[in-house]
Amino acid sequence: MNGSLYAARTKIQPQAVRGTFRRIKWALLAVTLGIYYAVPFIRWDRGPGQPSQAVLLDLDRGRFHFFGIELWPQDVTYVMGLLILAALILFLMNAVAGRVWCGYLCPQTVWTDLFLAVERLIEGDRRERLKLDAAPWSLEKIALRTMKHAIWLLIAWWTGGAWVLYFADAPTLVVQLATYQAPAPAYIAILTLTATTYGLAGHMREQVCTYMCPWPRIQAALTDEHAYNILYRDARGEPRVSAKQAAVLRATGQPAGDCVDCFACVTACPAGIDIRDGLQMDCIQCGLCVDACDTVMGKLGRPAGLIGYDTEANRRSRAAGKGRVSHVIRPRTVLYAALVAGIGGFMLYSLATRSFMGLSVLHDRNPLYVTLSDGSVRNGYTVRLSNKRPGERHYALAVDGLPGARVEVVGGEPGDLPVPSDATQEFRVLVFAPAGVEPAASVPLTFRIADAASGETARAQDTFKAP
């Protein structure tokens, strides 16, 4: 077989542009990075003995804190729900505006933009960087490259450092890291994320989107002709001729497109593609080619929008001399929006009405039952109670389903089972069927606990075994 499945990377030096989409990208970069770096330091008062970090994934205690919300390992269904919700939102974004996530919000795009900004600040714009690449090594080139990579490494290091702050109290961990007293996994995580951020955003860039990320291939299968994407309006742009030639051709009544073949859209593209060749897997739909083209059109006195967000259906309709076609609201988008609203609403309702106490019961395996000398039958259980509220709670335990049953708690009283704040507690529970009562070989039991302070109740099902 001839050819290769992998193309060696050709370094791309995109040209800086100004315009609406560039401003949007700068604003989103500032907001997203600001959130990422600042959130670990936001405080949230949860009471005495509770963590005061607003967003904290506490692996030691098995808790996830998000402002006033606390999730336990048993609440993993919410995590699954969020993942499903994120996927549906991504599908909805794609159905409306193509790869808008990739172009503006993807971490790879955001950090690559930041690294490119540093590169331009130190080495200059495209022309200066190309000249520097071609120049022989000198003290100036070594100094510029050293400064650039040092700042890249500093950004990558702080990116890794910010990540570990989500897993421990941020101010405390910062002091520990600075005094070399932090746990070894923290340093390992920071070094790993520093290396990956530096490598992906500094050196691999567009290759991550083209070769490593599966979303371009998935997106291509999900999109349709009514999804908005960055498109070249060839009906207006073709045939491509220079500005002078266009004036001559139009004066003689011959066709001349608005595209002057200046390649401004190509040099501005961070993926190095030519948007005039149509939709391509490499394109992240960032809109920088739009800003570059609009700038050229403005200088030539021609209307903007030769390249812009459009649909394939619109492009074909214009080519046929028909009017504009727009179907943002269509079965696909309605379905995705309904699923997002339904799942999101269900999760909010479930979260708002969830119980802050829990009960689980485990029947003894050996022996399943014991017949006592007075003829009564005893079953043993391990009962685990959980208290998800601040402050100790006292629960009352009862059993339903077995007439005349008597309940004993080893080392405690059924009517007063204390469980510490934000913790679980196991109790050894014995259930007796009175003498003279001959239960079936397996009787369904309902264990019930009640919190007198809050009025909450919880139930768990098990069985009572008998001869």
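In the predicted model, A398 stands opposite R448 in strand 13. This pair belongs to the contact between strand 9 (residues 393-400) and strand 13 (residues 442-451), which pair in the antiparallel sense over 6 bridges; strands here are DSSP runs of E with at least two residues, numbered from the N terminus, and two strands are taken to pair if DSSP finds at least two bridges between them. The structure is a predicted model, in which local features need pLDDT of at least 70, side-chain atom pairs count only at pLDDT 80 or more, and totals for chains, interfaces and linings use all residues. Residues are numbered from 1 along each chain as its sequence is written, and side-chain values use heavy atoms, with hydrogens and water left out.

The open sheet comprises 4 strands in the order 11-9-13-14, with antiparallel pairing. Its edges are formed by strand 11 (417-419) and strand 14 (457-465), each of which pairs on one side only. From one strand to the next the twist averages 30°, the angles being taken between N-to-C directions, on a scale from 0 to 180 degrees, of axes that are lines fitted to C-alpha atoms.

Strand 13 and strand 14 form a hairpin with 5 residues between them, and in the turn G455 has a positive phi of about 80°.
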